[in-house]
Amino acid sequence: MDVSTTSSNSAPNAPGFLRMGQGEGEHSYAKNSHFQSRLNRSVLPFFLDLIQTMALPNSGEVLRIADIGCSSGPNTICNVEAIIKQVKERYQAEGSELPEVQVFFQDLPSNDFNTLFKHVFSEANDIMKSPKNYMVAAVPGSFCHRLFPKATISAVLSTLALHWLVKIPAAVRDPQSPTYNGGHIDLHDSSLATVQAFADQAELEFDSFLAARADEVVHGGVVFLTFLVRQSEFYPNSGDPNRSHDEVWSQLVLEGSVSRELRDDFNMPYYVRTTEEVQKSLKKFSSVFEVQKQEVVSLDYKKLVDEHPDIEEFTRIQSKFIRAYSEEIYESHFGKAATSIFFERFEQALYERVSRMRSGQARPEDAVTVQTWMLALGLRRI
C-alpha cells in the first residue's frame with residue numbers, strides 16, 4: 001500500500017512512508033489481519049477459476065507471480081501458494097511438471113519485509129510443505145509505477161490494497177479551497193466537492209496501476225484484484241466504526257491535547273471507489289485487459305458484531321485490527337503520545353457504540369446501514 005502526503009508537524013508522512021504495523025507484536029498487522037483473511041477466503045474460488053484461464057509458460061520458462069501491496073502478514077503467502085497449487089494441478093493434468101516458480105512480494109520500501117519472509121520460511125504457514133518449491137524476492141516501490149520488465153509476469157495478485165492512495169489531493173488541505181476537508185479525518189462527513197477531489201486522484205492512480213501492469217503482464221497472463229467499493233455515489237456517513245475516529249480526534253482538539261491546525265491538516269490516504277468509477281477506468285483499458293471475473297461481495301458489520309457475544313472482546317479485536325493499519329500513519333502526523341491516547345479513547349467509544357446497538361438503545365449515528373463491499377476483479381491480458 002502506497003502513500004505520499006505531507007503533514008504540518010516535524011515528522012511528516014514522507015513519500016513511501018505508509019506501512020502496516022510492524023513485527024509480530026500485539027498491534028502488528030501480522031497478528032491482526034484476520035478480517036482481510038476472511039474477505040480473501042470469500043473470493044478464493046473466483047481467483048482459482050481465473051487461474052484456469054491463464055496461459056501457462058512453455059517448457060523451460062519460469063512462472064513468475066507478483067503480489068502487489070503484499071504487506072507483512074501471512075495472508076499474502078496463503079494467496080500465492082494457492083496459485084502455485086492450482087497451476088501445478090494444471091500441469092499434472094497435462095502430464096507435465098511444474099516449471100521453476102519465482103514469487104515477487106511488492107510493497108513500499110518501508111514495508112516490514114523481514115517479518116514477511118519469516119512467514120515464508122515458516123513450516124506452520126507453508127501449504128506446499130517446503131519453502132524451497134518457489135523462489136522469492138522483495139520488490140520495494142510504488143504500485144502506480146512500473147515494477148518489472150515488460151511481459152515477464154504471468155499472474156498478478158493485489159488484495160485489499162488499491163483503496164489506499166499514493167497522494168492526498170493538495171486542495172483538500174488548503175483552507176481557501178472549496179474542497180478543504182478541515183475538521184474531518186476521512187470522507188464520511190465531507191462535502192461533495194471534497195469527495196470528488198479524492199475521486200479524481202483515485203481515478204488517476206488506478207489508471208496508472210493498470211497501465212503499469214499492462215506492460216508487465218505476458219499475453220494470456222492474469223490480474224486478480226480485490227479492493228473496497230461502494231454501491232452508491234454518496235460516501236457512507238453512518239454505521240461505520242471508523243466514524244469514531246473523527247469524534248475522538250475532535251475530543252482531543254477540544255481538550256487541547258492536539259492542535260486544531262494539526263488535526264485539520266490530516267487526511268487518511270484512503271478512498272472507496274464507486275463501481276461506476278471502476279468501470280470508467282476499465283473501459284480505458286478494454287483493448288488491453290479482458291474482464292473475466294467481476295463480483296461484489298459484502299461483509300455486514302452488524303452480522304460481525306452479532307457473531308461475538310462478548311462485547312468487550314469484540315471491541316478489543318476490532319480496535320486492534322484498525323490500529324494495525326492506521327497507528328503508524330497517525331504517529332507520523334500526530335506523534336506517539338497523542339496517538340496512544342487516541343486509541344485508548346477510540347476503543348472505549350467503539351465499546352459504547354456496540355453496547356448501544358446490542359441493548360436496542362442505538363442513537364441515529366449508530367445505525368448500521370453500511371456494509372463493507374469488496375470488488376473481486378479478474379482480468380486477462382489480451
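Just after helix 2, Gly95 takes a positive phi of about 75°; helices here (H or I, at least four residues) and strands (E, at least two) are DSSP runs, numbered from the N terminus. This is a predicted model, in which local features need pLDDT of at least 70 and side-chain atom pairs count only at pLDDT 80 or more, while totals for chains, interfaces and linings use all residues. Residues are numbered from 1 along each chain as its sequence is written, and side-chain values use heavy atoms, with hydrogens and water left out.

**Helix 2 and Asn79**
- Helix 2 has 19 residues and reaches 28 Å from its first C-alpha to its last, which is close to the 27 Å expected at 1.5 Å a residue, where the expected span is 1.5 Å times one less than the number of residues.
- Asn79 is found in helix 2, and with a relative accessibility of 10% Asn79 counts as buried (buried means under 20% relative accessible area, exposed over 50%, and partly exposed in between, with a 1.4 Å probe and protein chains only).
- Leaving out residues up to four places away in sequence, Asn79 touches Asn40, Phe47, Leu157 and Thr159, a contact being heavy atoms within 4.5 Å.

**Cavities**
- There are two cavities of 30 Å³ or more, a cavity being a set of points, on a 1 Å grid over the protein atoms alone, where a 1.4 Å probe fits but cannot get out.
- The second largest cavity has a volume of about 40 Å³, where grid points are joined across faces, edges and corners and a volume is the space filled by probe spheres set on the points.
- Asn79 returns here, as the second largest cavity is lined by Asn40, Val43, Leu44, Phe47, Asn79, Thr159 and Phe224, lining residues being those with an atom within 4 Å of a point.
- Helix 1 (residues 34-51) gives the most to this lining, with four residues.

**Nonpolar cores**
- In soluble globular proteins, nonpolar side chains tend to be buried together.
- The largest nonpolar core has 45 residues, of which Ile65, Val87, Val103 and Tyr271 touch the most other members; such a core is a set of buried Ala, Val, Leu, Ile, Met, Phe, Trp, Tyr and Cys residues joined through side-chain atoms within 4.5 Å.
- Helix 2 (residues 75-93) gives the most to this core, with six residues.
- Apart from this core lies another, of 30 residues, among them Phe104, Leu162, Leu210 and Leu375.

**Two loop residues with positive phi**
- Ala151, in the loop between strand 3 (135-140) and strand 4 (153-159), has a phi near 50°, a positive value in a residue other than glycine, and at 44% relative accessibility Ala151 is partly exposed.
- Leu160, in the loop between strand 4 and helix 4 (192-216), also is not a glycine and has a positive phi of about 55°, but Leu160 is buried, with a relative accessible area of 10%.

**Trp373 and the whole chain**
- Trp373 is found in strand 8 (residues 371-381) and is partly exposed, with a relative accessible area of 23%.
- The C-alpha atoms of Trp373 and Val229 are separated by 5.5 Å, although these residues are 144 residues apart along the chain.
- The protein chain has 10 helices and eight strands, and of its 382 residues 55% count as buried.

Methods. On a 1 Å grid over the protein atoms alone, a cavity is a set of points where a 1.4 Å probe fits but cannot get out, and a pocket is an open set with protein on both sides within 12 Å along at least five of seven lines; lining residues have an atom within 4 Å of a point.
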